[in-house]
Amino acid sequence: MRSSLVILLGGLSVTALITAFKTVSSPVAPVRQTSDTLHYPEETHFRNLQQLTFGGDNAEAYFSYDGKYLIFQRTSAKDGIPCDQMFVGKVPAPGEKFDYKRVSTGKGRTTCGFFTKDGKHIIYASTHLGGEACPPVPDRSKYGNKYIWPLYASFDIFMADLDGKIVKQLTTSSGYDAEATLSPDGKKMIYTSVKDGDIELYIMDLKTGKEQRITHTLGYDGGAWFSPDGKKIIWRASRPKTDAEVKEYKDLLAENLVAPTNMEVWVANADGSNARQVTAYGQANWAPAYMPDSKRIIFASNHEYKRGFPFNLYTINEDGTNLHKISRDKGFDAFPMFSPNGKKIVFCSNRNNGGTRDTNIFLADWVE
């Protein structure tokens with residue numbers, strides 16, 4: 001779902017996302033990477049890079065508030081996980097194995113996991129109330145083979161303990177509710193919903209349940225995060241402008257679908273005021289997060305490549321200056337998150353996957 005194109009970006013697996021962008025963006029099959037690489041020489045900001053998972057589609061790995069654990073979503077058909085479920089594991093020391101356990105129900109499809117401030121609970125979105133099976137993936141051929149993802153109406157956001165017991169249902173609207181993260185003080189949840197007829201951002205007070213809609217412009221708004229200092233928010237957004245773009249957007253939305261191939265990074269004050277666009281590169285600029293200084297931004301983008309692939313990580317100043325390329329995989333790098341102390345970064349990548357379509361989780365020390 002983000003940070004929540006949430007690689008389930010709303011409901012598709014990482015493999016589906018990658019395949020779709022390759023198909024949509026280029027009439028020619030991309031060149032397959034000929035050799036596996038864990039750490040590219042140009043990636044000077046990564047030190048002691050460590051691969052945590054091996055096989056399957058592993059995405060959206062995010063730190064707990066104390067930096068000791070990770071939550072992530074995983075699909076692995078050979079392991080009996082046909083669509084994304086939530087897993088939690090302790091951050092390993094260098095050379096240690098990354099062990100993890102499932103903390104979702106095992107039913108439906110899940111996305112967008114996040115720890116609560118107390119470290120004893122998690123939140124995530126799930127379709128399990130709508131059925132135990134994985135919800136169907138849209139037939140893209142009906143829409144000109146565009147990359148689209150479903151806004152499953154059965155997605156709601158839940159809080160569970162670390163044994164997987166759901167202790168509270170946080171959203172109950174009849175439409176898509178997902179892509180949630182929490183504020184640095186753990187008191188507020190920002191998430192995406194279609195409850196008012198468009199794909200908008202909302203902030204909920206977890207204690208009272210009171211909430212406020214904070215975006216009001218036609219287009220997709222999602223994958224939002226608070227800055228580490230809690231004063232700002234950052235998210236990805238599409239802004240259809242021409243009559244044709246608006247019609248396509250509204251037609252898809254009427255079918256609970258969205259085509260997130262053109263997104264830019266936006267920021268605002270924590271209450272949604274003073275919203276402003278940071279990037280203007282075209283194509284898909286997404287999975288943004290503030291860096292530890294609450295001033296610079298890290299995000300994933302395919303803007304350098306007309307074919308729409310690869311995706312790499314970039315940093316940029318809040319005012320849109322000083323773009324800097326961070327990662328170099330020939331396939332897919334996305335979902336960056338810094339540890340609370342700013343010393344480590346976790347991200348997801350196709351690198352070092354033996355020529356398969358596997359996406360795995362990687363952890364590194366961050367070097368300025």
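A disulfide is taken here as a pair of cysteine sulfur atoms within 2.5 Å. By this rule, the count in this predicted model comes to 1 disulfide. The bond joins Cys83 and Cys134, while Cys112 and Cys348 are in no disulfide.

**The disulfide**

- The sulfur atoms of Cys83 and Cys134 lie 2.1 Å apart, and this pair counts as a disulfide because the cut-off is 2.5 Å.
- The link of Cys83 and Cys134 is left-handed, with -95° about the S-S bond.
- Distant parts of the chain are linked by this pair, whose two cysteines are 51 residues apart.
- Cys83 sits in strand E4 (residues 81-90), whereas Cys134 belongs to the loop between strand E7 (121-126) and strand E8 (149-150).

**Exposure of the bonded cysteines**

- Cys83 has a relative accessible area of 2% and is buried, because buried means under 20%.
- Cys134, with a relative accessible area of 30%, is partly exposed, because this value falls between the 20% limit for buried and the 50% limit for exposed.

- For Cys112, the nearest cysteine sulfur is that of Cys348, 12 Å away.
- Cys112 is in no disulfide because a pair needs its sulfur atoms within 2.5 Å.
- Cys112 is buried, at a relative accessible area of 1%.
- For Cys348, in turn, the nearest cysteine sulfur is that of Cys112, again 12 Å away, and Cys348 is in no disulfide.
- Cys348 also counts as buried, at 0% relative accessibility.

Methods: Residues are numbered from 1 along each chain as its sequence is written. This is a predicted model: local features need pLDDT of at least 70, side-chain atom pairs count only at pLDDT 80 or more; totals for chains, interfaces and linings use all residues. Side-chain values use heavy atoms; hydrogens and water are left out. Helices (H or I, at least four residues) and strands (E, at least two) are DSSP runs, numbered from the N terminus. Buried means under 20% relative accessible area, exposed over 50%, partly exposed in between (1.4 Å probe, protein chains only).
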